[in-house]
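Please read these points with the model open beside them.

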Amino acid sequence: MPGYIETGRTMTDSLETASSNGAGADIDAVETTEWLEAVDAVVEHDGPDRARQILARAVERAQLAGSGPIASITTPYVNTIPPAREARLPGDPLLERRLRSIVRWNAMAMVVRANKLSSELGGHIASFQSLATLYEVGYNHFWHAPSDSHGGDLVYFQGHSSPGNYARAFLEGRLTEEQLDGFRQEVSVAGGLSSYPHPWLMPEFWQFPTVSLGIGAITSIYQARFMKYLEARGISETEGRKVWAFLGDGEMDEPETMGATALAGREGLDNLIWVVNCNLQRLDGPVRGNGKIIQELEADFRGAGWNVIKVVWGTRWDPLLADDHDGRLVKVMEECVDGEYQTYKSRDGAYVREHFFGKDPVLLERVSHMSDDEIWLLNRGGLDQQKVYAAYHEAVEHTGQPTVILAKTIKGYGMGVSGEGQMITHQAKKMTEDALLAFRDRFELPLSDEQVRAAEYYKPPEDSPEMEFLRERRAALGGSLPVRRTKASDLEVPDLDLFKGQLEGTGDREISTTMAFVRVLAALLRDKKIGRRIVPIVPDESRTFGMEGMFRQVGIYSPLGQLYQPQDSEQLMFYKEDKHGQILEEGITEAGSISSFIAAGTSYSAHGEQMVPFYIYYSMFGYQRVGDLVWAAADSRTRGFMLGGTAGRTTLNGEGLQHEDGHSHLLFSVVPNCRAYDPTFGYEVAVIVQDGLRRMVAEQEDVFYYLTLMNENYHHPAMPEGAVDGILRGMYLLREGSVGKRKKAPRVQLLGSGTMLNEVLAAAELLESDFGVAADVWSVTSFTELRRDGIEVERWNMLHPTDEPRRALVSEQLSAREGPVVASTDYLRAFADQIRQWVPGSYRVLGTDGFGRSDSRRALRKFFEVDRHYVALAALKELADAGSIEPRRVKEAIDRYEIDAEAPMPTRV
Ligand SMILES: Cc1ncc(C[n+]2csc(CCOP(=O)(O)OP(=O)(O)O)c2C)c(N)n1
Ligand SMILES: [Mg+2]
């Protein structure tokens with residue numbers, strides 16, 4: 001069974017792994033024994049390092065001779081750190097156990113109590129119970145809070161284990177009993193606790209939203225990477241600070257979890273420590289019932305360049321393993337699959353004796369002196385504070401690589417009949433009375449039967465050794481965790497004048513809004529006040545957006561610098577990688593790029609240093625690709641700009657269905673703290689960016705921006721007088737219609753955004769010249785902002801019926817003008833439809849509903865029925881419906897503009 005040895009991934013693990021290299025049956029057992037004895041002798045005389053050296057050379061020799069790959073990626077199914085190398089847990093282990101037991105109890109009690117109140121309230125018990133030792137050893141010995149002497153470690157706690165964090169915060173005096181009782185009652189209880197880590201809901205407590213599985217994993221990698229970047233750029237001293245992430249073994253199946261592990265290995269992120277809680281179960285059942293998750297992950301991580309520390313067995317196994325000279329015990333350990341390991345821990349000592357040790361009669365004999373109770377007490381590594389301490393100790397000392405700790409635990413540990421190792425344990429929110437009493441006895445909690453039945457919280461007296469220890473440890477490590485900083489020191493923002501070039505228009509030159517944006521960005525990068533704080537982020541699209549000039553100007557960040565002479569080194573704007581580079585050129589990973597966006601955009605909080613990310617990408621590969629991460633960015637209170645480039649279903653015309661974005665604005669409209677704009681002109685881009693900087697950097701408001709940028713070239717006018725307010729609020733009058741001296745000409749109001757505004761402007765000309773209709777044109781920079789304004793006004797009016805009603809901006813602006821309203825955008829009709837209820841009179845909306853396809857812009861706009869001719873047609877139809885013109889005039893337009901009245905609906909083809 002060579003597969004296992006080479007990859008560690010076969011479903012049924014090899015029976016031979018302990019004693020062979022997967023080369024099949026042993027053809028000469030005597031020879032094998034001689035080799036093994038030789039290894040033993042080297043280990044004994046010169047130590048394990050020397051053994052590794054010799055064997056590595058021997059393996060190399062065999063491989064050169066054509067042996068094929070020889071095992072190196074997985075190690076036997078035992079702890080990576082041998083007992084002799086373990087750093088010892090300082091202090092009193094029993095005291096620490098007592099403290100942990102109290103945290104366990106309170107975490108469980110808060111879920112049980114909430115569910116006594118109402119089974120609606122939810123909560124999880126089993127996950128934290130498997131994790132408690134892994135957290136508590138960290139809290140007591142490793143995790144620094146920010147203080148004068150330490151910048152603070154960043155801990156990504158497992159989302160659904162939040163009761164464990166709350167229970168500890170309660171003991172530390174940060175939360176009251178009332179607050180614990182308000183778990184998952186954030187609306188009805190003042191100070192109620194959020195179900196999961198949400199910085200949006202508990203901004204001074206939670207730092208990182210992790211509960212959407214996989215998100216904590218990838219964002220923790222890019223956080224660690226960003227800390228190296230801050231250090232390299234001389235902005236913040238992050239040396240010595242660690243990023244810890246706690247992940248479930250089931251969570252490892254998420255592509256986001258494993259998707260960036262290679263980056264962490266490649267960049268040697270030794271400030272990153274992942275702890276994978278291998279409790280062998282996910283929600284429905286075993287993670288790898290037919291295999292071993294720890295072995296599989298070991299192979300994956302080692303392949304990705306990580307330092308892997310397996311914490312499989314607890315201290316009580318040490319004597320048995322020390323006596324295992326013939327490898328029989330390790331062989332059985334390797335034979336067993338996780339499905340069996342789960343079952344053992346749901347039964348008892350007698351069962352383990354029969355089904356585990358009973359696999360080999362020699363082993364059965366070897367444990368004959370042990371009682372069933374003693375066998376039951378043989379513990380798992382991740383539940384053993386000594387083993388966990390030793391692993392953390394090595395992890396924080398390790399340099400040059402990220403570390404993953406694969407800790408074997410038991411899901412629902414301590415829950416007994418109410419869940420321990422049971423298939424249903426994940427969702428168990430209740431405990432039977434017997435299970436509660438057994439929990440009390442097992443963890444030796446000083447609670448009466450009465451107190452247990454009522455699931456009362458327990459806090460030892462302030463002067464008890466447990467409380468003194470807890471306080472002393474946290475004081476030594478700088479204070480409580482988690483804790484979140486909400487503001488950073490001030491940073492000055494440039495005035496609008498900085499973007500003078502954009503405000504003055506382009507004259508004869510035609511450019512795209514992308515180019516206008518790149519000029520805005522270039523001006524910011526050069527700015528003395530804020531330039532250093534700008535973080536351009538691109539997933540392999542710089543050339544698409546015309547940003548390659550910045551490679552040379554500010555450099556691409558690489559921890560290695562540039563180890564080669566770039567092919568284009570003779571050119572002015574060569575490809576420059578640099579240890580101090582400013583651009584994050586992420587390669588083709590939108591998930592990674594937005595993780596960098598989050599790290600940079602929350603730097604004000606995590607590092608006390610404001611940074612301003614500008615993340616520019618193909619808009620189609622934005623929200624719809626990484627929507628969950630956008631949501632995490634919002635929850636994290638990320639500040640920065642996301643720029644959806646090559647946007648618009650008909651504007652990015654040559655790429656077809658998969659590329660042409662006609663809906664990202666609708667997707668972003670659902671994010672409460674995202675300000676989304678679809679600007680047309682360079683001055684609009686400049687005004688929005690400058691005001692965004694004012695709000696996010698100067699005022700430190702927790703919002704972020706989404707701007708669509710297009711690649712169509714056209715003239716950009718100078719900014720009209722007084723337009724700033726309208727640009728920011730969502731609309732302003734751009735063109736006043738007139739048809740010579742005719743006073744009574746019919747009039748229409750035309751709305752447009754993005755590139756489609758140019759079609760709308762052209763339609764206005766047509767209406768006036770061909771039909772004598774006066775057309776006012778509005779630039780609508782944000783239908784989404786206008787809708788928000790309308791909703792707020794409407795709500796206020798409902799709640800204040802006797803007051804003077806307020807007016808939505810849309811109503812206020814349009815009711816001062818005359819005529820029906822028509823809108824055209826490069827997005828679905830639903831985009832412009834957002835403002836319908838505040839438009840006075842009739843409102844007709846054109847949009848690009850349907851699948852995109854490639855053709856010329858002109859053809860596409862005709863196909864989707866959003867071009868100038870359709871805008872004119874729609875306006876005439878509205879005027880006819882209102883009785884302002886004859887219906888035959890509408891027919892005239894259809895003929896004149898060669899519109900195919902029988903063409904199929906674009907959504908159907
Ligand atoms: C993206 C996502 N999918 C599904 C869920 C629902 N969910 C929450 S916890 C869980 C099981 C987690 O198992 P594991 O990662 O092994 O963690 P454990 O509780 O065992 O420590 C699931 C499916 C989620 N929170 N996020
Ligand atoms: Mg699990």
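1. Two strands count as paired if DSSP finds at least two bridges between them. Helices (H or I, at least four residues) and strands (E, at least two) are DSSP runs, numbered from the N terminus.

2. This is a predicted model, in which local features need pLDDT of at least 70 and side-chain atom pairs count only at pLDDT 80 or more, while totals for chains, interfaces and linings use all residues. Residues are numbered from 1 along each chain as its sequence is written, chains are lettered from A and ligands numbered from 1 in the order in which they are written, and side-chain values use heavy atoms, with hydrogens and water left out.

3. An open sheet of mixed pairing is formed by five strands, in the order 16-18-17-19-20. Strand 16 (731-735) and strand 20 (843-846) each have a single partner strand, so one side of each has no neighbour in the sheet. On average, neighbouring strands are turned by 25 degrees against each other, direction ignored. Axes here are lines fitted to C-alpha atoms, for helices over the stretch in contact, and angles run from 0 to 180 degrees between N-to-C directions.

4. Within this sheet, strand 17 (residues 747-752) pairs with strand 19 (residues 821-824) in the parallel sense, over four bridges. Opposite Gly752 stands Ser824 in strand 19.

5. Which strands does helix 36 (residues 868-881) touch? Its contacts (heavy atoms within 4.5 Å) are with strand 17, strand 19 and strand 20, and its direction makes about 160 degrees with that of strand 20. Helix 31 (residues 756-771) lies across strand 16, strand 17, strand 18 (774-780) and strand 19, at about 170 degrees to strand 18.

6. A cavity is a set of points, on a 1 Å grid over the protein atoms alone, where a 1.4 Å probe fits but cannot get out; lining residues have an atom within 4 Å of a point. Grid points are joined across faces, edges and corners, and a volume is the space filled by probe spheres set on the points. The whole structure holds nine cavities of 30 Å³ or more.

7. The largest cavity has a volume of about 130 Å³. Of its 15 lining residues, Gln207, Phe208, Ile598, Thr602 and Ser636 lie nearest the centre. Helix 25 (590-601) is one of the elements that supply at least two lining residues, and its three residues are the largest share.

8. The second largest cavity holds about 110 Å³ of space. Its lining includes Trp313, Trp317 and Arg380. Helix 14 (338-344) and helix 17 (372-376) each give two or more residues to this lining.

Note on methods. 1 Å grid on protein atoms, 1.4 Å probe; cavity = no way out; pocket = protein on both sides within 12 Å on 5 of 7 lines; lining within 4 Å.
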